[in-house]
Amino acid sequence: VDINSVLVAECTELAKSEGVSSQGEFLTSSILDLDPIVKEKKYTHVLVLGVMLYAHAELDTFLAQLVGCCDKDTKIFIMDLIRNVEWERIEEANRYLELSHSLLTKDEVLEGYQRAGLELLHYEDATKYTIPAHKIQERECKKRDPNMEVLKNPLLFAAFYEGLLSYVYYSLKLKTSN
């Protein structure tokens, strides 16, 4: 599921050309308002890669839809951005993110998982693994756009370097009653 119909079309074509189109489908939908065709199924795996930050202001709504697509055996993997400081200290990074809402802290996200009936199996702060790639991207962006008018990625990267933001991984499943 992706909100960008162009990317969904490209993924569909790529799956066909690679001979794997029968193994799944790509759908255009918002993560905050899932298409009914998505919600009518239960999935073995749910991957949320780098988009949950857009749902932080409506975390409970997002997680309710996610939980509705899961059963007791579903494996849920989420990569997310969280803030480690007050939102006001991340103003420069938000020039890149362009969010109309604050990012959540780790504790706020974990509380959301608890409310949604999700059990945390694993948490990892993966920021240290992303920094080498960020440094390369930053160098290349600054070569092409020294004033960061279009290529604003370095604004975000600085927040990672300074520990203001973290790129984190959660592995979850539905809570089971004992």
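A pocket is an open set of points on a 1 Å grid over the protein atoms alone, with protein on both sides within 12 Å along at least five of seven lines; a lining residue has an atom within 4 Å of a point. The structure is a predicted model, in which local features need pLDDT of at least 70 and side-chain atom pairs count only at pLDDT 80 or more, while totals for chains, interfaces and linings use all residues. Residues are numbered from 1 along each chain as its sequence is written, and side-chain values use heavy atoms, with hydrogens and water left out.

**Exercise 1.** Describe the largest pocket by its volume and its lining.

Solution. 
- Step 1: The volume, taken as the space filled by probe spheres set on grid points joined across faces, edges and corners, is about 1,100 Å³ for the largest pocket.
- Step 2: Its lining has 32 residues, with V1, D2, L27, V46 and L47 nearest the centre.
- Step 3: Helix 1, strand 1 and helix 3 are the elements that give two or more residues to this lining. Helices (H or I, at least four residues) and strands (E, at least two) are DSSP runs numbered from the N terminus. Strand 1 gives the most, 5 residues.
- Step 4: By class the lining splits into 22 nonpolar, 7 polar and 3 charged residues. Here Ala, Val, Leu, Ile, Met, Phe, Trp, Tyr, Cys and Pro count as nonpolar, Asp, Glu, Lys and Arg as charged, and the others, Gly among them, as polar.

**Exercise 2.** Trace the salt bridges of E92 and K152.

Solution. 
- Step 1: A salt bridge is a side-chain nitrogen of Lys or Arg within 4 Å of a carboxyl oxygen of Asp or Glu. The count is 11 salt bridges.
- Step 2: E92 and R95 form one at 3.0 Å, N to O. Both residues are in helix 4 (residues 91-97), 3 residues apart, so about one helical turn separates them.
- Step 3: Buried means under 20% relative accessible area, exposed over 50%, and partly exposed in between (1.4 Å probe, protein chains only). E92 is partly exposed because its relative accessibility is 42%; R95, at 38%, is partly exposed too.
- Step 4: K152 and E98 are bridged with their closest N and O atoms 3.3 Å apart. K152 lies in the loop between helix 6 (127-144) and helix 7 (153-161), and E98 in the loop between helix 4 and helix 5, so the pair ties together parts 54 residues apart in sequence.
- Step 5: E98 counts as exposed because its relative accessibility is 58%.

**Exercise 3.** Is R83 buried or exposed?

Solution. 
- Step 1: R83 is in strand 2 and counts as buried because its relative accessibility is 13%.
- Step 2: Its side chain makes a polar contact of 3.1 Å with that of S102. Such a contact is a pair of N or O atoms within 3.5 Å; within protein, one must be able to donate a hydrogen and the other to accept it, and residues adjacent in sequence count only if both atoms are side-chain atoms.

Conventions
On a 1 Å grid over the protein atoms alone, a cavity is a set of points where a 1.4 Å probe fits but cannot get out, and a pocket is an open set with protein on both sides within 12 Å along at least five of seven lines; lining residues have an atom within 4 Å of a point.
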